[in-house]
Amino acid sequence: MVTKQTTSPLLAIRGLITHFQVKETIVKAVDDVSLDIYPQEVLALVGETGCGKSVLALSILRLLPKNSQIEGSIRFNGVEILEASEEELRKLRGKEIGMIPQSQATSLNPLLKVGWQVREVLQLHKTLGKFEAREKVVKLFTRLQLPDPAKKMNYYPHQLSGGMRQRVLVSMGVACQPKLILVDEPTKGLDAVLRKEVVTMLGEEAAENRSSMLLITHDFSVAAVLADRIAVMYAGEIVEMGSAAEILEKPGHPYTQSLLDSLPGRGFKPIRGFSPSLSSLPAGCRFQPRCRDACPDCSALHPKIALTGANHYVRCFLC
Ligand SMILES: Nc1ncnc2c1ncn2[C@@H]1O[C@H](COP(=O)(O)OP(=O)(O)OP(=O)(O)O)[C@@H](O)[C@H]1O
Ligand SMILES: [Mg+2]
């Protein structure tokens, strides 16, 4: 895959803040995030649980609950999503921006046949008759190697295995050949064989549709296969961003280094301590209480993200 950074970005996020009000406290789930995704580019977003990855994806689609406050700018293909009307958002969701959500359990309606659920996405956005839409779903299921696709159309979600349900979700996300696909933890809970299949399937679908992808994953091995660039998120912020090769081989931020050192093939050393609560963040660098290299400045000042090499950004005083 080639990063086409010479063209304008398809998605440009600037200073995005998504906070939640929970009683008297503010949860700073996404806190001043800026990033670009270029046409046909795959950007992986990695980080520990609770750091704000899913909230970032849901912010792009403006699928946030009532207790949220959102600020900044999300421009998609020239449209400012934060100023878009409900009608404009309905047209974007599914058609221009597809989503393969994190939870299979809550994303498929248990009472409806899976074929019907995929057909609904197609009929919402494309002027297809019932028969054409049905044919298209069979084609999608066939391409995603769902065994016996015509029969599977009539199955309810509980009649399918986890891997098959994942394929149904992928087919819903890519049904309208969106320009951008948001994929949230596509391999969570899958065994190694299925993980490889799902990764291959996503890569093929993105290539076939010439889609860009925001790939949210805990798994660096998934990012390594699919991503052109990787953004590392910690406690609501992007702490490092660069080409996949640089991030994996020459990580600059101590957090990225620790994440990579915690992998089974790279030392298996757990990161000490825990991520901070997003409603009471530490002063200075948010990673400093866990950082093996922290110096006095790190607890006093909040580092800005800065360019440290060709398209490589790091939020750390030590870099
Ligand atoms: N509706 C909400 N109200 C209050 N806090 C919320 C709400 N939704 C999410 N949060 C909080 O926002 C933070 C970020 O959540 P998010 O789901 O984005 O994490 P994540 O990085 O996707 O984690 P995981 O890897 O486990 O999926 C968490 O602290 C979560 O508790
Ligand atoms: Mg999540």
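**A sheet, a ligand shell and a covered helix**

Strand 4 (residues 68–76) and strand 5 run antiparallel and are joined by 2 bridges. Strands here are DSSP runs of E with at least two residues, helices are runs of H or I with at least four, and both are numbered from the N terminus. Two strands pair if DSSP finds at least two bridges between them. One bridge partner is V79 in strand 5, which faces F76.

This is a predicted model, in which local features need pLDDT of at least 70, side-chain atom pairs count only at pLDDT 80 or more, and totals for chains, interfaces and linings use all residues. Residues are numbered from 1 along each chain as its sequence is written, while chains are lettered from A and ligands numbered from 1 in the order in which they are written.

Touching means contact: C-beta atoms, placed from the backbone, within 7 Å.

Next comes ligand 1. Around it lie 16 residues, and F20, A29, T49, K53 and S54 come nearest. A residue is near if its C-beta atom, placed from the backbone, lies within 6 Å. Strand 1 (11–22), strand 2 (25–37) and helix 1 (53–60) each supply at least two residues of this shell. Which element gives the largest share? Helix 1 does, with 3 residues.

Finally, look at helix 7 (residues 162–174). Its 13 residues reach 18 Å from first C-alpha to last, close to the expected 18 Å. That expected span is 1.5 Å times one less than the number of residues. Is helix 7 mostly covered or uncovered? It is mostly covered, with 11 of its 13 residues buried. Buried means 20 or more other C-beta atoms within 10 Å, exposed means 12 or fewer, and partly exposed lies in between, with C-beta atoms placed from the backbone. Among the buried residues are M164, L169 and V174. Their cover includes helix 5 (130–143) and helix 8 (192–209).

Helix 8 holds L194. L194 is partly exposed, because 17 other C-beta atoms lie within 10 Å. The C-alpha atoms of L194 and G162 are separated by 9.5 Å, though the two residues are 32 apart along the chain.

Key
Two residues are in contact if their C-beta atoms, placed from the backbone, lie within 7 Å.
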